[in-house]
Structures are given as C-alpha cells and as structure tokens.
Amino acid sequence: PLQIGIASISINGIFTNSEVQSDSVAYLFNNSSIKNNASNLTRSMQGQSDYVFNALINFKHTSSRIDFSLSYNTFSKRINVIGTGDLVDEYEFPFHLVNFQMKKTFVKKYDFVFKIKNILNSTKSYGYLDSNTNEIFYTKKYSPGISFSASFKVNF
C-alpha cells in the first residue's frame with residue numbers, strides 16, 4: 001500500500017488548585033522573628049497556574065521527508081510577584097502561544113529546520129486584579145514579537 005505520511009495529534013492539560021498558608025511571623029537566620037508582611041497569608045503558590053493546556057499537530061510526509069508541526073500553549077493567570085504590605089499580588093495573565101516548525105531531511109543525514117514562533121503576535125501582560133470589581137490594572141505589557149529562525153544540521 002502507498003503511504004503518504006503519518007499524522008498525529010497530541011493534547012494535554014493540567015488542572016491544579018494550590019494553596020500556600022504562610023505563618024504570620026517570619027523567622028530569620030539569627031533566630032529572631034519579624035511580622036510577615038505578605039499582603040495575603042493564604043494564596044495560590046507563586047507561578048502556579050490553575051490550568052495549562054498544550055496541543056500539537058504533527059505531519060510527516062514520507063516520500064518528501066518533510067515534517068510539519070503546529071503547536072499551541074496557554075495557561076491561566078498566575079502570581080508573578082507576591083504582594084507585601086498594602087501592595088496586592090501581581091499576576092501574569094494568560095498568553096496564547098502558537099508555533100510552527102518545518103523540517104526537511106536530505107539523504108538521511110542533513111536536516112534543514114525552519115521555525116516561526118508566536119504566530120499570533122500575542123502580548124504578555126502583568127498586573128493587579130481588583131478583587132471587588134475584577135478590573136485589571138496593568139503594570140507591564142509587551143509583545144515578544146514574531147520570530148523566525150532557520151538552521152542546518154549534519155547528523156553523523
């Protein structure tokens with residue numbers, strides 16, 4: 001039978017619910033103690049998203065030895081900086097990342113790879129969330145931009 005190629009789809013996700021309970025007192029290396037100045041003594045773990053989602057579509061064209069892949073990744077808001085005193089926690093907000101890769105193999109020994117990252121030109125954003133109104137006050141927004149790269153590899 002004629003085989004044109006092999007396709008695969010991969011999907012995975014992680015759902016978590018983390019909680020950190022800090023003491024009201026912080027103990028120092030010299031056995032002294034001070035009041036814990038964290039704005040929230042009970043909070044999610046820093047850097048922990050409630051969910052992370054990944055998807056990958058891959059196609060290997062057998063006769064031409066060209067592989068194509070398209071990937072997607074996102075996550076829920078997560079604490080970036082723990083608030084202290086009157087400052088509340090700063091969050092990193094969801095970022096939708098789509099990447100494309102094409103690899104061409106020549107004579108089973110040479111690989112040419114072309115990549116495009118952040119195809120959607122998504123913006124990274126950080127800020128504070130007003131717990132009463134759910135309004136976001138941004139502290140930083142930036143676009144990492146769309147990037148292109150190409151490489152050539154010799155397999156020995």
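**Close-up views of an antiparallel sheet in a predicted model**

**View 1. The hairpin of E6 and E7.** In the predicted model, Arg65 adopts a positive phi near 55° in the hairpin formed by E6 and E7, where 4 residues lie between the strands. These two strands run antiparallel and are joined by 10 bridges. Within this pairing, Leu56 has Ser71 of E7 as its bridge partner.

**View 2. The pairing of E1 with E6.** E1 and E6 are connected in the antiparallel sense over 11 bridges. Ser10 stands opposite Leu56 of E6; Leu56 is also the residue whose bridge partner in E7 is Ser71.

**View 3. The pairing of E7 with E10.** Strand E7 (residues 66-75) runs antiparallel to strand E10 (residues 97-106), and 8 bridges join them. Here Tyr72 is placed opposite Val98 in E10.

**View 4. A nonpolar patch on the surface.** The patch consists of Ile9, Ile11, Phe15, Tyr51, Phe53, Ile57, Leu70 and Ile119, which together have about 820 Å² of accessible area. E1 and strand E6 (51-61) are the elements that give two or more residues to the patch. Ile57 belongs to strand E6. With a relative accessible area of 48%, Ile57 is classed as partly exposed, because exposed denotes a value over 50% and buried one under 20%.

Definitions and conventions:
Residues numbered from 1 in each chain as written. Predicted model: local features only at pLDDT ≥ 70, side-chain atom pairs only at ≥ 80, totals over all residues. Heavy atoms only, no water. Pairing = 2+ DSSP bridges. Patch = residues over 30% accessible without salt bridge, like charges linked within 9 Å, V, L, I, M, F, W, Y side chains within 5 Å. Areas by Shrake-Rupley, 256 points an atom, 1.4 Å probe, with all protein chains shown as cover. Salt bridge = Lys/Arg side-chain N within 4 Å of Asp/Glu carboxyl O. Buried < 20%, exposed > 50% of the residue type's maximum accessible area, 1.4 Å probe, protein only.
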